[in-house]
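Hi,

I am passing a structure on to you, with some notes on what turned up in it. Please have a look at it first and then read on.

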Amino acid sequence: MTQLRQRMIEDMQLRGYSARTQEAYARAVRQLAEYVHRSPDQVTEEELRRYFLYLANEKKFARPTTTIALCGIKFFYEHTLHRDWPTLRFVRPPHEFKLPVVLSREEVRLALSHVRIPVYRTCLTTIYSCGLRLLEGARLQVADVDSARMVLHIHGKGKRDRYVPLPERTLDMLRQFWKTHRSPQWLFPAPTRHGVGWSVAHNAGPVTRSSLQSAFYRAWKKTGSAKRAHVHTLRHSYATHLMEAGVHLRLIQDNLGHGSPKTTAIYTHLTQQVRDTQTDPLNELMKDL
């Protein structure tokens with residue numbers, strides 16, 4: 001298994017896959033091996049078929065999780081082991097169309113006000129105000145701030161860089177927060193706990209994904225809202241609020257780093273203006289009910 005894993009990772013490196021993709025694909029193959037209780041190079045096509053039925057009917061994986069499992073296993077058998085199995089060609093995760101959860105501007109501000117530790121509050125505020133993915137925000141470096149042009153240099157998903165507008169209020173907040181730790185590299189160094197207090201060392205690494213998620217979860221829980229919000233909800237809310245403010249769809253697409261306008265167009269279903277167009281006709285329809 002160790003040699004197989006190393007071979008698969010090397011194959012993915014040759015294809016230019018990111019470290020996160022390599023980890024996810026290798027984990028998918030490991031989970032298959034755990035299911036059949038032996039090395040994945042000894043798995044038969046029939047066992048592979050039963051495994052995908054198990055994921056669909058018993059584990060009931062969501063489409064994104066199933067897609068990662070399929071892509072990882074398919075890469076392993078087709079590129080590392082060079083097996084051309086029909087099962088890998090016709091297995092498809094179920095189609096879904098889900099609208100993302102979006103917070104109002106007031107809900108965003110309320111949630112952020114409940115984030116207690118300054119490094120998490122500043123990072124989450126930056127994620128919202130610039131429309132960033134979680135790790136794009138967590139791994140921002142001091143050199144990524146271009147105050148002369150008022151933009152952030154984002155090292156995005158799939159190694160696709162982009163520039164996003166930097167609001168003046170956010171720049172002021174970043175400057176004030178940086179003075180509290182003066183890290184030569186990271187805007188948001190990981191905090192260290194001291195009893196009930198916290199401190200940030202100037203030579204610490206960046207905040208972690210899990211710590212940011214936990215900080216937002218605790219803050220959101222304090223709001224008492226029943227919405228299922230998470231850190232990525234801030235990015236959805238950013239896009240929707242810009243669209244409600246009249247910003248062109250193409251600009252929002254660039255800010256978010258979407259490769260296709262179809263991905264960004266989903267936010268047109270979520271704006272207050274779109275919802276308001278049906279309010280009066282709906283109220284008129286139901287007034288005598």
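A pocket here is an open set of grid points with protein on both sides within 12 Å along at least five of seven lines. Please keep in mind that this is a predicted model.

By that definition, the second largest pocket has a volume of about 420 Å³. Its lining is made up of 19 residues, and those nearest the centre of the pocket are Arg109, Tyr128, Ser129, Pro167 and Tyr238. Five helices are the elements that give two or more residues to this lining: H6 (105–113), H7 (118–130), H9 (168–178), H11 (231–244) and H12 (249–256). Of these, H6 gives the most, with 4 residues. Sorted by class, the lining of the second largest pocket holds 11 nonpolar, 5 polar and 3 charged residues.

Next, the cysteines. A search of the whole structure for disulfides finds 0. Cys123 is in no disulfide, and the nearest cysteine sulfur, which belongs to Cys130, is 11 Å away. Cys123 counts as buried because its relative accessibility is 0%, under the 20% cut-off. Cys71, on the other hand, has a relative accessible area of 31% and is therefore partly exposed.

Enjoy looking around!

Best wishes

Terms used:
Residues are numbered from 1 along each chain as its sequence is written. This is a predicted model: local features need pLDDT of at least 70, side-chain atom pairs count only at pLDDT 80 or more; totals for chains, interfaces and linings use all residues. Side-chain values use heavy atoms; hydrogens and water are left out. On a 1 Å grid over the protein atoms alone, a cavity is a set of points where a 1.4 Å probe fits but cannot get out, and a pocket is an open set with protein on both sides within 12 Å along at least five of seven lines; lining residues have an atom within 4 Å of a point. Grid points are joined across faces, edges and corners, and a volume is the space filled by probe spheres set on the points. Ala, Val, Leu, Ile, Met, Phe, Trp, Tyr, Cys and Pro count as nonpolar, Asp, Glu, Lys and Arg as charged, and the others, Gly among them, as polar. A disulfide is a pair of cysteine sulfur atoms within 2.5 Å. Buried means under 20% relative accessible area, exposed over 50%, partly exposed in between (1.4 Å probe, protein chains only).
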